Amino acid sequence: MIIRRAKNGDLSGLNKLLQQVLMVHHNGRPDLFKPNVKKYTDEEIFQIISNDETPIFVAVDDEEEVLGYAFCVFKQFVNNEIMTDIKTLYIDDLCVDEEKRGMHIGKQLYEYVLDFAKANGCYNVTLNVWSCNESAMKFYEKCGLVPQKVGMEKIL
């Protein structure tokens, strides 16, 4: 397995895993997430791939099959009234193919993202996780992440 930046030829693998993530969210919160839709159009994925501010990393096997991905976004508040100017790498989405879980692919992807963030002068790496996704929360806690802020709701 190797981890590298995503390229246009990874589209079908990215779409497959994006669908898996969508269904985890839909199954956990069907009141919020629609089933059988796409988070991004193919054209949007191509634009994300080509933008250095939104790197996507993929773990691929010897046949170039996408085993997992990490969609990332650089974020920085500059000259903000209350926030410091730190540079953050935000993990928008991290997924390992449900058939390949338990092989430490997610951990390797996460560590790759950490190394990339450090090499690019980031202060921290952040992400959001839905509370209905307990396995993801446990995975991130095992990786050493701690809550930074908590989103709360009251359904009316």
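The model I am reading is a predicted one. Phe74 and Phe116 form an aromatic pair, which I recorded as tilted, with 5.8 Å from centre to centre and 40° between the planes. This pair links distant parts of the chain, since Phe74 belongs to strand 3 and Phe116 to helix 3, 42 residues apart.

I then looked up Phe57 and Phe116, where the ring centres are 4.8 Å apart and the planes stand at 65°, so I wrote this pair down as edge-to-face. Ring pairs join Phe57, Phe74, Tyr112 and Phe116 into a cluster, and my count of aromatic pairs came to seven.

Next I searched for charges over rings. The charged end of Lys87 sits over the ring of Phe74, 4.8 Å from its centre, while Lys75 lies over the face of Tyr90, at 4.3 Å from the ring centre.

In helix 2, which covers residues 42-50, I found Ile45, Ile48 and Ile49 buried. They are on the same side of helix 2, because they cover an arc of only 100° around the axis. The buried residues of this helix pack against strand 1, helix 1, strand 2 and strand 3.

Last, I checked the backbone for positive phi values. Glu64, in the loop between strand 2 and strand 3, has phi near 70° and is partly exposed, at 35% relative accessible area. His104, in the loop between strand 4 and helix 3, also has phi near 70°, and it is exposed, at 58%.

Methods:
Residues numbered from 1 in each chain as written. Predicted model: local features only at pLDDT ≥ 70, side-chain atom pairs only at ≥ 80, totals over all residues. Heavy atoms only, no water. Helix = DSSP H or I, 4+ residues; strand = E, 2+ residues; numbered from the N terminus. Buried < 20%, exposed > 50% of the residue type's maximum accessible area, 1.4 Å probe, protein only. Arc of directions from axis to C-beta. Contact = heavy atoms within 4.5 Å. Phe/Tyr/Trp six-rings, centres within 6.5 Å; stacked < 30°, edge-to-face > 60°. Lys NZ or Arg CZ within 6 Å of the ring centre and 35° of its normal.
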